[in-house]
Amino acid sequence: MMAGRPFADRVSKRRLPSGTLAVLTNPHAPTATIAGTLRAGPAFVADGRFSVPGLTAAMLDRGTVNLGRMELARELEDHGLQLGVRASAATPTIVSFSAQGLAEELPRMGRLTVEVLRRPTFPSEELDKLREQVLGGLARERQETHALAFAALTRRLFPDGHPLSRRPIEAREREVASLSRDDLVTFHDTAYGPSSLVLAVVGDVDPAAVEALFAEAMNGWE
């Protein structure tokens with residue numbers, strides 16, 4: 001029985017043309033979850049502008065080649081799907097992403113996940129909105145003694161230029177205010193690609209079908 005098999009034996013490891021895929025079938029779950037990482041976090045910024053990976057990740061679901069922001073939001077809402085991408089300073093080497101929905105929606109989930117990662121358009125008006133949100137968050141951080149103390153501690157523990165060293169708020173504000181759409185496009189073109197992609201899919205799914213789905217969605221992505 002499945003419950004008696006070692007966990008490692010229940011995971012089907014598949015090799016995509018680029019990247020790695022692991023699938024765990026659970027026929028008792030009506031849902032499916034996609035989770036994964038790409039090596040596109042703050043540690044891969046060459047010029048020390050550590051805000052770029054976070055803004056890049058936050059912009060991915062704000063418009064793609066095939067779907068504008070509202071079209072993508074409607075597609076997710078109409079089919080009961082969730083999709084998110086995140087770059088965290090706590091895990092500076094990676095960007096993580098996840099999608100959840102009913103197992104029958106997995107083909108749609110997979111295509112949308114790859115679309116968001118692969119073909120964002122970084123609309124300038126959306127970047128302006130995101131910039132204001134980030135600057136607002138930095139303004140609130142000035143009033144949070146815990147955040148200020150933690151940032152000061154990281155600067156004592158890590159040298160300048162280290163991705164885990166939390167820079168002063170003033171420096172981060174200047175950087176966020178100065179970033180352009182081209183900065184995000186350049187970073188995306190450089191850092192986002194399937195060679196470092198690690199994917200996991202869990203739910204009432206067929207491993208061979210999952211492999212075929214992502215192989216097709218990622219075809220030509222280099």
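**Notes on the predicted model**

1. A nonpolar patch on the surface is formed by F150, L153 and L157, which together have about 300 Å² of accessible area. The model is a predicted one. F150 belongs to helix 6, residues 145–157. F150 counts as partly exposed because its relative accessibility is 41%, and buried would mean under 20%.

2. The interior comes next. In soluble globular proteins, nonpolar side chains tend to be buried together. Here the largest nonpolar core has 48 residues. Within this core, I34, L106, Y192 and F214 are the residues with the most contacts. Helix 4 (residues 106–118) supplies the largest share of the core, six residues.

3. Which residues does Y192 touch, leaving aside its neighbours within four places in sequence? Its contacts are L38, A40, T56, A57, L60, V95, L117, F187 and W221. Two of these, T56 and A57, are listed among the buried residues of helix 2.

4. Helix 2 covers residues 51–59. Seven of its nine residues are buried, so the helix is largely enclosed by the rest of the structure. The buried residues are S51, V52, P53, L55, T56, A57 and M59. Their cover includes two strands, strand 4 (82–87) and strand 5 (95–102). It also includes helix 5 (124–141), helix 7 (169–178) and helix 8 (181–191).

5. S51, in helix 2, deserves a separate look. Is S51 buried or exposed? With a relative accessibility of 14%, S51 counts as buried, since the cut-off for buried is under 20%. The S51 side chain makes a polar contact with the side chain of E175, at 2.7 Å. Leaving aside neighbours within four places in sequence, S51 is in contact with R167, E175, V176 and L179.

6. The salt bridges in the model come to 15. One of them joins the side chains of D183 and R49, at 3.3 Å from N to O. D183 lies in helix 8 and R49 in the loop between strand 3 (31–38) and helix 2, so this pair ties together parts that are 134 residues apart in sequence. D183 is buried, because its relative accessible area is 18%. R49, with a relative accessible area of 26%, is partly exposed.

7. A second salt bridge is made by the side chains of R108 and E75, with an N to O distance of 2.8 Å. This pair links distant parts of the chain: R108 is in helix 4 and E75 in helix 3 (residues 69–78), 33 residues apart. R108 is partly exposed, with a relative accessible area of 24%. E75 is partly exposed too, with a relative accessible area of 23%.

8. How far apart are the closest N and O atoms in the salt bridge of E126 with K129? They are 3.5 Å apart. E126 and K129 are three residues apart in helix 5, so about one helical turn separates them. E126 counts as buried, because its relative accessibility is 7%. K129, at 43% relative accessibility, counts as partly exposed. Salt bridges that share partners join R62, R69, E126 and K129 into one network.

9. R181 is found in helix 8. At 32% relative accessibility, R181 counts as partly exposed. A polar atom of the R181 side chain lies 2.8 Å from the backbone oxygen of F122. What else is R181 in contact with, leaving aside its neighbours within four places in sequence? Besides F122, the contacts are T121, S124 and L127. R181 and S196 are 15 residues apart in sequence, and their C-alpha atoms are 24 Å apart in space.

How values were computed
Residues numbered from 1 in each chain as written. Predicted model: local features only at pLDDT ≥ 70, side-chain atom pairs only at ≥ 80, totals over all residues. Heavy atoms only, no water. Patch = residues over 30% accessible without salt bridge, like charges linked within 9 Å, V, L, I, M, F, W, Y side chains within 5 Å. Areas by Shrake-Rupley, 256 points an atom, 1.4 Å probe, with all protein chains shown as cover. Salt bridge = Lys/Arg side-chain N within 4 Å of Asp/Glu carboxyl O. Helix = DSSP H or I, 4+ residues; strand = E, 2+ residues; numbered from the N terminus. Buried < 20%, exposed > 50% of the residue type's maximum accessible area, 1.4 Å probe, protein only. Core = buried A, V, L, I, M, F, W, Y, C linked by side-chain atoms within 4.5 Å. Contact = heavy atoms within 4.5 Å. Polar contact = N/O pair within 3.5 Å; in protein donor to acceptor, adjacent residues only side chain to side chain.
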